[in-house]
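Please view the model alongside the text.

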Amino acid sequence: MTWSATARGAHQPDNTAFTQQRLPAWQPLLSASIALPLFFCAGLAFIGLGLGLFYSSNGIKELEYDYTGNPGTGNCSACALADRDRAPPLRCSCSWYFSLPELFPGPVYLYYELTNFYQNNRRYSVSRDDTQLSGLPSALRHPANECAPYQRRASGLPIAPCGAIANSLFNDSFSLWHQRQPGGPYVEVPLDRTGIAWWTDCHVKFRNPPLVNGSLALAFRGTAPPPNWPRPVYELSPDPNNTGFINQDFVVWMRTAALPTFRKLYARIRQGNYSTGLPRGAYLVNITYNYPVRAFGGHKLIVFSNISWMGGKNPFLGIAYLVVGSLCILMGFVMLVVYIRYQDQNDEDEDEE
């Protein structure tokens with residue numbers, strides 16, 4: 001045996017059915033009797049699932065109110081006019097009165113909605129420092145360059161949290177009141193503000209820096225809040241388990257939206273007498289109007305909504321399934337007509353022969 005033959009044999013795969021590709025194989029031959037039932041069955045399955053999703057979405061109740069404050073749209077218009085050219089805007093309050101003729105079934109979720117706000121803008125979406133948000137002390141005082149121009153203050157102090165996303169934090173607030181009897185007093189409805197952010201965000205991605213002498217304020221000493229913030233990050237909430245980088249509202253805002261019109265969860269209504277939903281009666285929403293949207297032509301809304309097994313109200317998925325199912329059935333009929341036509345033609349050719 002020569003050297004070349006020995007070398008060639010050393011690199012040759014084992015003589016097995018798997019390595020030599022001799023395993024038995026099955027290659028389907030799609031005939032009309034197989035393909036047509038598949039198309040019809042898939043179409044019927046898609047249509048059935050689409051109908052279920054569509055009617056489930058339509059069964060979700062929503063109540064929304066645009067409190068942007070366009071002229072003639074309610075008492076929030078005074079706030080919008082006063083705050084149009086100010087950043088940050090002046091503190092202003094307005095109210096929304098509404099009534100429910102019947103029970104609004106729970107669990108009820110309170111969202112705020114913004115329109116024409118492009119959180120998916122590339123420069124905006126990368127304007128953050130995830131290392132800083134993870135609580136690393138060195139990153140706290142040396143923000144990433146992606147945060148510019150919200151990286152440092154003019155005095156040279158590092159901004160914490162840095163970046164355009166944090167600087168534009170939504171800061172309107174709401175409280176809900178219920179008038180149980182006509183002419184009676186309004187009673188505040190408890191809003192559950194806990195657990196509104198993703199668990200992985202609060203416990204993995206976002207962490208406060210280590211406490212200094214048991215104080216979070218000392219941990220952030222030597223940093224400055226973003227320019228649009230009226231107070232530092234460690235004063236976002238009096239609750240020590242909901243302040244700093246792990247504040248629920250802040251964490252929800254930092255998860256950027258993919259579309260220019262989006263909703264973010266503000267609170268759940270599921271406590272006390274409201275665990276089954278909002279009873280019939282008159283309601284009042286007190287709005288602390290801080291967030292300016294008129295400068296970029298946006299709108300802001302309050303949305304009350306419940307959910308179903310498929311989540312929130314979203315008819316798109318049901319419509320998409322219905323369209324795909326209808327196309328499958330349509331294509332099945334087209335192929336059936338083509339098959340019958342050419343089958344008859346083949347039979348005639350065979351008879352002539």
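Are C79 and C92 buried or exposed? Both C79 and C92 are buried, where buried means under 20% relative accessible area, exposed over 50%, and partly exposed in between (1.4 Å probe, protein chains only). The model is predicted: local features need pLDDT of at least 70, side-chain atom pairs count only at pLDDT 80 or more, and totals for chains, interfaces and linings use all residues. Residues are numbered from 1 along each chain as its sequence is written, and side-chain values use heavy atoms, with hydrogens and water left out.

**Overall pairing**

- Three disulfides (pairs of cysteine sulfur atoms within 2.5 Å) turn up in a search of the whole structure.
- With the bonded cysteines of the protein numbered in sequence order, the pairing reads 1-4, 2-3, 5-6.

**C79 and C92**

- The sulfur atoms of C79 and C92 lie 2.0 Å apart and form a disulfide.
- This pair links distant parts of the chain, with C79 in helix α3 and C92 in strand β2, 13 residues apart; helices (H or I, at least four residues) and strands (E, at least two) are DSSP runs, numbered from the N terminus.
- The link of C79 and C92 is left-handed, with -70° about the S-S bond.

**C76 and C94**

- C76 and C94 also form a disulfide, with 2.0 Å between their sulfur atoms.
- Distant parts of the chain are linked here: C76 sits in the loop between β1 (62-66) and α3 (77-82), and C94 in strand β2 (residues 92-100), 18 residues apart.
- The link of C76 and C94 is right-handed, with 80° about the S-S bond.
- C76 is buried at a relative accessible area of 1%, and C94 is buried at 4%.

**C147 and C162**

- C147 is joined to C162 by a disulfide, S to S 2.0 Å.
- The pair links distant parts of the chain, 15 residues apart, with C147 in the loop between α6 (137-141) and α7 (164-167) and C162 in the loop between α6 and α7.
- C147 and C162 are buried.

**Cysteines without a bond**

- C41 is in no disulfide, and the nearest cysteine sulfur, that of C328, is 11 Å away.
- C41 is exposed, with a relative accessible area of 51%.
- C328 is buried, with a relative accessible area of 16%.
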